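These are my notebook entries on a few sites looked up in one model. I begin with the term that the contact list needs.

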Amino acid sequence: MKNKEAMLQPGDMTYCKENFSVENQSNEMAEVGVILGNGANYSFDQIAPGSKKAYTLKPVEENITGWTDKTFIGEARIVNSTGGVNSLKVTCK
């Protein structure tokens, strides 16, 4: 991460501790894996060529030993899950 930006090639990973966006800078569909906090919340999103997707770190409800509690997700791991030569630009805001 340099100046709150990182370029991810396939298989690369970075971290953000704040809201962030992921931009597909290639000419093909890209797949990004986003793992929030301790890994209990994650998603795999597809991003069209030249498109950008914004992510917000926010409270989530967790059920711990029968109690529902709101926990703030304070970090995210972003993984370029695409094959080939796709490049993703990650910007932490």
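I count a contact when heavy atoms lie within 4.5 Å. The model is predicted, so I require pLDDT of at least 70 for local features and 80 or more for side-chain atom pairs, while totals for chains, interfaces and linings use all residues. Residues are numbered from 1 along each chain as its sequence is written, and side-chain values use heavy atoms, without hydrogens and water.

Entry 1, threonine 82. I located threonine 82 in the loop between strand E9 (76-80) and strand E10 (88-92); strands are DSSP runs of E, at least two residues, numbered from the N terminus. Apart from neighbours within four places in sequence, threonine 82 is in contact with Pro10, Met29, Ala30 and Glu31. Its side chain reaches the backbone nitrogen of glutamate 31 at 2.6 Å. I noted threonine 82 as buried, because its relative accessible area is 11% (buried is under 20%, exposed over 50%, partly exposed in between; 1.4 Å probe, protein chains only).

Entry 2, aromatic pairs. Rings of Phe, Tyr and Trp (its six-membered ring) pair if their centres lie within 6.5 Å; planes under 30 degrees apart are stacked, over 60 edge-to-face, the rest tilted. I found two aromatic pairs by this rule. Phenylalanine 20 and tyrosine 55 are stacked, because their ring centres are 4.9 Å apart and their planes at 15 degrees. Phenylalanine 20 and tyrosine 55 are both buried. Tyrosine 42 and phenylalanine 44 are edge-to-face, with centres 6.4 Å apart and planes at 70 degrees.

How values were computed: Helix = DSSP H or I, 4+ residues; strand = E, 2+ residues; numbered from the N terminus. Polar contact = N/O pair within 3.5 Å; in protein donor to acceptor, adjacent residues only side chain to side chain.
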